[in-house]
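The following explanation accompanies the sequence and the model.

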Amino acid sequence: MKIGITGTGSYIPSIITKNEAFLQHKFLGADGSKIEQENSVIIEKFKAITGIAERRYAEPEFKTSDIGYLAAEKAIADAGIDKEELDYIIFAHNFGDMTLGKIQGDTLPSLATRVKHLLQIKNPKCVAYDLIFGCPGWIEGVIQASAFIKSGMAKKCLVIGGETLSRVVDPYDRDSMIFSDGAGAAIIESTESSGEILAHDSVTYAGEEAYYLYFDKTNSAEGCKDTRYIKMLGRKIYEFACINVPKAMAACLDDSGVAIDDVKKIFIHQANEKMDEAIIKRFYKLYGKDAPENVMPMSIHELGNSSVATIPTLYDLVLKGQLPEHQLNKGDVVIFASVGAGMNVNAIVYRY
C-alpha cells in the first residue's frame with residue numbers, strides 16, 4: 001500500500017521584520033545582567049550563526065488556528081479532495097492560540113477542532129485532535145496519519161503544522177530574534193498517484209534533555225511577572241541535534257533500503273543554518289561521503305524559525321516552484337528530519 005502526500009499548502013504571514021528592527025531592543029542575560037556588546041554586533045553575530053536576515057510575524061487578527069486553516073484550505077484544494085471525506089485532522093503546534101496582549105495560550109477547543117469548524121466540515125466521523133511534539137510535530141503527525149491509513153482506520157488525513165512564536169518570545173532575550181510565525185499543511189492518503197512513505201523513525205530523549213527548551217519568566221526585572229516565554233539552552237540543543245539527528249536520519253534511511261546517493265533533497269527543520277549544515281555534514285560522514293551541494297533547501301534566511309511549521313512550509317514552497325534552484329521530479333527520494341522540545345527527533349524517507 002502506497003501512502004503519501006497528495007496535496008500541500010502553506011500560509012506565510014505578510015508582516016516582515018528585518019534584523020534592523022532589533023537595533024533598539026534592550027537585550028539582557030538570563031540573570032537580568034546587561035549585555036555589554038552593542039546591538040549591531042549582537043545582530044551581526046546572530047545572522048552569521050543562524051542565517052536569519054528577516055522573519056515573518058502573523059497579522060494581529062490571526063491566531064495559530066486561523067493560519068492553520070488557511071494552509072489547510074490550500075492543501076485540500078491542491079489534493080482535489082472533498083473535505084467531507086477527511087477522516088482525521090491532526091494539528092501539530094506548541095502553544096495553542098496566542099492572542100496579542102494575553103498571558104495564556106488557548107487550546108479549548110483544540111486547534112484541530114477550530115480548523116474543522118472554519119472549514120465547515122459537517123461529517124462527525126472526521127476526528128480532530130492536536131499533537132504536542134515540539135518542532136518535529138508535523139512529521140510525527142504524518143507518521144500517525146500513515147499508521148491510521150495502513151491500519152484501515154482512515155483513508156484521508158489532513159496534517160497541519162502551525163505556530164505564532166512571535167507572541168511567546170521575551171523581547172529582552174536575544175533568542176527572540178530566531179522565532180517566527182507560519183503554517184503548513186498536507187493531505188495524506190493512499191492512491192496510485194501519491195508519493196510513498198518508505199520508512200520513518202522517531203525517538204524521545206527525556207533525561208536532562210527534557211528541559212533544553214522550556215517556559216520561564218522574562219530576563220528583565222521590569223517585565224510582566226505573570227507571563228512566561230519560550231526559553232532554550234541554545235548550545236546544548238546545538239550539540240544534541242548534531243549528534244542525534246544524523247543517527248535518526250541514518251536509521252531511517254537504512255530501514256528504507258534506499259542508497260545514500262539516491263537521496264535528492266533533505267528537508268530539515270529550519271532552526272539554525274549552521275546547525276543544519278553541521279547535521280547534514282555529519283549525516284553524510286556516517287556513510288563516508290561529503291554532503292552534495294544544493295541538497296538542503298533553506299527558507300530560514302527570510303522566514304525565520306516557525307517551529308513545527310518550517311518543514312511543511314518549506315516543502316510546499318519547493319513543490320510550488322518558489323525555490324527554483326530546488327526542484328523535484330516524480331520518483332525522487334527525499335528525507336524529512338526534525339528536532340525539538342522533548343527532546344524529540346524524527347525522520348521520514350519519502351519517494352515523491
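**Loop residues and backbone geometry**

Gln120 is exposed, with a relative accessible area of 51% (exposed means over 50%, buried under 20%, and partly exposed in between, with a 1.4 Å probe and protein chains only). Gln120 lies in the loop between helix H3 and strand E5 (127-131); helices (H or I, at least four residues) and strands (E, at least two) are DSSP runs numbered from the N terminus. The phi of Gln120 is near 60 degrees, a positive value in a residue other than glycine.

The model is predicted, so that local features need pLDDT of at least 70 and side-chain atom pairs count only at pLDDT 80 or more, while totals for chains, interfaces and linings use all residues. Residues are numbered from 1 along each chain as its sequence is written, and side-chain values use heavy atoms, with hydrogens and water left out.

A positive phi, near 65 degrees, also occurs at Asn294. Asn294 is placed in the loop between helix H6 (273-285) and helix H7 (300-303), and is partly exposed at 43% relative accessibility.

Most residues other than glycine have a negative phi, and most peptide bonds are trans. The peptide bond from Leu108 to Pro109 is cis, with omega near 0 degrees, and Pro109 belongs to the loop between E4 and H3. Another cis peptide bond, with omega near -5 degrees, runs from Gly342 to Met343; Met343 is in the loop between strand E12 (333-340) and strand E13 (344-351).

Asp97 is found in the loop between strand E4 (88-92) and helix H3 (111-119) and is buried, with a relative accessible area of 2%.
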